[in-house]
Each structure stands twice: as structure tokens, then as C-alpha cells.
Amino acid sequence: MPDTLRQKGQRRLLIKELAEKYNFNPEVLQAMEHVPRHLFVDKGLGHLAYKDKPLPIAARQTISQPYTVAMQTHLLDCRKQDKVLEIGTGCGYQAAVLMAMGFRVYSVERIRELYLQAQKNLANTGFDPNALFYGDGFAGLPQFAPFRGILVACGAPEVPRILKEQLALNGKMVVPVGQHEQRMLRITRTGADEYKTEDFGFYQFVPMLGGTQK
Ligand code: SAH
């Protein structure tokens, strides 16, 4: 499926809309302008891809609304070449945005069907499908730690301890925490065993669940 002029135009309007809602880092908005979101959602939903709305993906999961993707990427506060871990690949859209930022990206998904679909989506849009891992994100990716940034794209019951421990010194984790609705927290590692927590308000995510699923 192509990325037509019309879709590029719709995407530019969405980016403009996001820029009016919040003072996002311009690099985040540029990255989002590069990623064709309509090629990550189900074919039948492509016409909704450039509205600022969450959309259903396979396995009863959802792709976050563009505003939330922009906010989490902004709060991550990373630079080009930084190592960044995402938990909850879903369709791969957020991972593609992180790659478009120039980060070295690793992303973990617990549902095999989504992991496989996301690999296809990334390959199809020119991003690296080898950045994806099938597994339980509660364990992080110790073989690639420490990370400068960790972006959790599902609602965690509490701040996952193992992920905190995979942060580099001064690294930041952006994680929605809570049961039915979540508060967007940013945890900064300030010492070997010291962390600072900032709160950026309410959001709604699908839950972070343990174990893997076919
Ligand atoms: N970032 C995604 C949206 C993800 S929705 C995108 O751009 O499409 C949240 C995802 O987190 C779901 O796919 C869900 O299966 C996944 N998830 C939930 N718990 C997880 C865990 N413990 N490890 C890895 N992925 C998890």
C-alpha cells in the first residue's frame, strides 16, 4: 500500500493539530510526520489513521492515539543514538516513531500474532523489523541493558522493578501506572538505587499482563 499525497497531507494536518495542543519537542513531530500511520492499522481503518484517536488492532489491543504517542516520546527526552526499550510493540507504530527519532530501538511484545504483524508492518514501511522481540516485557531485555529510555505502552499495575533496574544512570522510563486508568509517570534513575518520579496526569491504556500468548 502506498503513502499518497493525500495521506501525507492528512498527516501534516494531524501534526499541526498536535502542535496546537501541546508544546512538543519539534523532533517528535517531525518523526511522526515521517511515519505512515495508515500502514500500521487494519486496512479497513486506514481512513481513520490521521484522526487523533486510538484505534483497535488485532488480539483486542489498541494503538494509542497520536497525542499519547507524541507525549510519551517527548517525555522520554532521549537523543539520537540513545538505546531505547519499548514494552508493548502492538502494531509497531510507536516503535517506528522511535526509530524515526534516530534512537537504537528494542521493542518487546507478549502476543505472538502482534509481534509477527508488527515485523511485517515495519519491513513494509522501511523500518528495521529486527528491533522486535517476542516475550514478557516485565523481564525487560537484560542482554541489551542499560537503556537511556524505556517507554511502556501498556498500563502497569505498579512501576516494574526489573525495568527500573535496566535504566542507565540518568535514564528515564515513561510508564502509565494504575488499574483502570493510569497516571503517566516518568521515573529518572538518579543513582545506583535512587529514582525520581514525576507525574503527568491521567491516561487510559490496555493492561500490562505477565507471560506470553500465541
Ligand atoms: N505501542 C503500540 C500500542 C500497544 S498497545 C503501537 O504503537 O501499536 C499495548 C501492547 O502492550 C499490546 O499489544 C499488549 O499485548 C502489550 N503488552 C501488554 N503486556 C505486555 C508485556 N508484559 N510485555 C510485552 N507486551 C505487553
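Here is a walk through the packing of this predicted model, from its cores out to a few individual residues.

In soluble globular proteins, nonpolar side chains tend to be buried together. Here, the largest nonpolar core takes in 49 residues, and L18, M32, L76, Y93 and F103 are the ones with the most contacts inside it. Five helices, α1 (5-21), α2 (26-34), α3 (66-76), α4 (93-100) and α5 (112-124), each put at least two residues into this core.

Now zoom in on helix α2. Its buried residues are V28, L29, A31 and M32. These cover an arc of only 160° around the axis, so they sit on the same side of α2. On the other side of the helix you'll find P26, Q30 and H34, which are exposed. And what do the buried residues of α2 pack against? Their partners are α1, α3 and α4. The N-terminal end of α2 has a cap as well: a side-chain oxygen of N25 lies 2.8 Å from the backbone nitrogen of E27.

The rings deserve a look of their own. The structure holds 8 aromatic pairs. One of them is Y22 with F24, a tilted pair at 4.9 Å centre to centre and 50° between the planes. Y22 is partly exposed, with a relative accessible area of 31%, while F24 is buried at 4%. Another pair is F40 with Y93: the ring centres are 5.9 Å apart and the planes meet at 75°, so this one counts as edge-to-face. F40 lies in the loop between α2 and β1 (55-56) and Y93 in helix α4, so the pair ties together parts that are 53 residues apart in sequence. Both F40 and Y93 are buried.

Elsewhere, Y106, F133, F144 and F147 form one aromatic cluster. A charge turns up here as well: the charged end of K83 sits over the ring of F147, 5.8 Å from the ring centre.

A polar atom of the Q72 side chain lies 3.0 Å from the backbone oxygen of V152. Leaving aside neighbours within four places in sequence, Q72 is in contact with Q94, L151, V152, A153, V174, P176, M184 and F205.

Last stop: T212, in the segment after β9 (194-203). With 46% relative accessibility, T212 counts as partly exposed. T212 and I111 are 101 residues apart in sequence, yet their C-alpha atoms are 6.0 Å apart in space. Not counting residues up to four places away in sequence, T212 touches R110, Y134, G135 and D136.

Technical notes
Residues are numbered from 1 along each chain as its sequence is written. This is a predicted model: local features need pLDDT of at least 70, side-chain atom pairs count only at pLDDT 80 or more; totals for chains, interfaces and linings use all residues. Side-chain values use heavy atoms; hydrogens and water are left out. A nonpolar core is a set of buried Ala, Val, Leu, Ile, Met, Phe, Trp, Tyr and Cys residues joined through side-chain atoms within 4.5 Å. Buried means under 20% relative accessible area, exposed over 50%, partly exposed in between (1.4 Å probe, protein chains only). Helices (H or I, at least four residues) and strands (E, at least two) are DSSP runs, numbered from the N terminus. Rings of Phe, Tyr and Trp (its six-membered ring) pair if their centres lie within 6.5 Å; planes under 30 degrees apart count as stacked, over 60 as edge-to-face and the rest as tilted. A charge sits over a ring if NZ of Lys or CZ of Arg is within 6 Å of the ring centre and within 35 degrees of the ring normal. The arc is that of the directions from the helix axis to the C-beta atoms. Contact means heavy atoms within 4.5 Å. A polar contact is a pair of N or O atoms within 3.5 Å; within protein, one must be able to donate a hydrogen and the other to accept it, and residues adjacent in sequence count only if both atoms are side-chain atoms.
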